[in-house]
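Q: Please take one part of this structure and examine it closely for a reader who is new to it. Begin with the pairing of its strands, and then follow what surrounds them.

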Amino acid sequence: MKQRFQILNDPRFHLVYGISQRFSDGPSPSKVRLNREGFTLAQNVKKKAVVHSGMLLAEHPSIEKGDLFSPIYGEITEINERSIFISALPQPPDTPEVEPVDLLQEGLEGDELVMRCKKMGLNTRSLGCRCETLIINGLNPDPGVTWTEPMLNSHIRTFHAAMELHRRMGRFKNVILAIPQGSHLSYDGVKTVHVPAEYPNSLNPLLIKNVTGEENPEGFGCIGLHNLWSLGRVGRTGLPLTETVITIGSYEHSGNYIVKDGSTVGELLDFARIALKDHDTVVRGGPLRGESVDRLDRSITKGTYGLFVVEAGTIPPMEGHSSCINCGACVLICPARLSPSNLSRYAEFALHERCRKEHIDICMDCGLCGYVCIARRPVLQYIRLAKQKLAEKDAQKQREEIKITSA
């Protein structure tokens, strides 16, 4: 337990940074790469077609997944199974503009409002399920991410618009805003609860426990502030969601930016004036829960909340072929009280059903196991692989059962 105490009291795991200024606008991309997996292309969306900002590109069959819109004026240069590529063009003065939709005045409620938001590009699954009490997660999701404080301090109108729309969806009766200990924020009609601002308290299950004092209490749900900002952004602008807020950071630089969906990693780093050196690692997401990217033409999505450069030599590199030495460090640090060492070994040898028996479904993907691993094994990556394989297996089983039922 001594090691756990030392890790969680390390200043690098603090989640409060005292930043309150508004976000800067990110770059105007010269090209974007949009994720289209599972989407059905809209009519006339094809290679060499000219598209404008806010134009519908593709629809998703699930009510939980927002439709896809172009974030820029440009020409579609390529479409494949995974992506749509658009290169920017000079915008002529007679370009058609998207007619704003005043969600706050339309009067839609319940599922009708949910569908309207989905049709405007919002991933409605991230808005939380129906519950008695909704807890708004007002902590930065990862160490190094710094946009929560500006959202709470400087984007009050966006916050209130989001709360009004979420209230109309009818998904909760009571609301609690969980904010860092020591904060002095207050909003009319919203109860606030203070939570120690140390990672991994920003993970939803741990946040709920900190607020209620119970594990998995009935009637409570959680929504991230990032997702709430997206809802408020659509509510205030009346335009489809084609943006996200991210922290772009390195050892020497950190800033919060509103950037276009599909912006490439290379252009964002150049805009933030972060120069890469040999053997640096680029991480999309947070430093602990993010994923490394192998090319600078990879892009960010509307759900991305961070882009970081981990400088060479600051942490020991992962060794994918190294063996677990049974030191127990990952077991001691795991907030879900799992055995990450067992889970990673089962995943390594494709024993995925054993992972299920080890309760892999309650893993919170916090990344602490890989951080403390003495053998430098990619523990979290192995666990994520096992989760993906189990999900694919379950989906295949469900498809087979539907076939048998409909036969």
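A: **Strands, cores and a cavity**

Two bridges link β5 to strand β6 (residues 68-69), and the two run antiparallel. Strands here are DSSP runs of E with at least two residues, helices are runs of H or I with at least four, and both are numbered from the N terminus; two strands pair if DSSP finds at least two bridges between them. The model is a predicted one, in which local features need pLDDT of at least 70 and side-chain atom pairs count only at pLDDT 80 or more, while totals for chains, interfaces and linings use all residues. Residues are numbered from 1 along each chain as its sequence is written, and side-chain values use heavy atoms, with hydrogens and water left out.

Is L57 buried or exposed? L57 has a relative accessible area of 0%, so it counts as buried (buried means under 20% relative accessible area, exposed over 50%, and partly exposed in between, with a 1.4 Å probe and protein chains only).

Another set of strands is an open antiparallel sheet of four, in the order β2-β8-β7-β4. Its edge strands, each pairing on one side only, are β2 (31-35) and β4 (50-51). Five bridges join strand β7 (residues 74-79) to strand β8 (residues 83-88) in the antiparallel sense, and E78 faces F85 in β8.

A further open sheet has four strands in the order β11-β10-β9-β12, with parallel pairing. At its edges are β11 (191-195) and β12 (220-224), each of which pairs on one side only, and the twist averages 30 degrees from one strand to the next. Five bridges hold strand β9 (residues 133-137) and β12 together in the parallel sense, with I136 opposite I223 in β12. Helix α6 (residues 204-212) packs on this sheet, touching β9, β10, β11 and β12, and its direction makes about 115 degrees with that of β9. Helix α5 (residues 156-168) lies across β9, β10 (174-180) and β12, at about 155 degrees to β9. For such angles, axes are lines fitted to C-alpha atoms, for helices over the stretch in contact, and the angles run from 0 to 180 degrees between N-to-C directions.

The largest nonpolar core has 42 residues, and those with the most contacts inside it are I135, Y199, L207, V211, C355, I360 and L368. A nonpolar core is a set of buried Ala, Val, Leu, Ile, Met, Phe, Trp, Tyr and Cys residues joined through side-chain atoms within 4.5 Å. Elements that each supply at least two residues of this core include β10, β11, α6 and α10 (340-348), and α13 gives the largest share, six residues. Beyond four places in sequence, I360 touches L343, C355, I383, A386, K387 and L390.

The buried residues of α10 are P340, S341, L343, S344, Y346 and A347; their cover includes α9, α11 (352-357), α12 and α13. Just after α10, A350 takes a positive phi of about 60 degrees. D361, in the loop between α11 and α12, counts as exposed because its relative accessibility is 60%.

Three cavities of 30 Å³ or more are found in the whole structure. On a 1 Å grid over the protein atoms alone, a cavity is a set of points where a 1.4 Å probe fits but cannot get out, and lining residues have an atom within 4 Å of a point; points are joined across faces, edges and corners, and a volume is the space filled by probe spheres set on them. The largest cavity holds about 110 Å³. It is lined by 16 residues, of which C334, P340, C363, C366 and C369 lie nearest its centre.

Terms used. Contact = heavy atoms within 4.5 Å. 1 Å grid on protein atoms, 1.4 Å probe; cavity = no way out; pocket = protein on both sides within 12 Å on 5 of 7 lines; lining within 4 Å.
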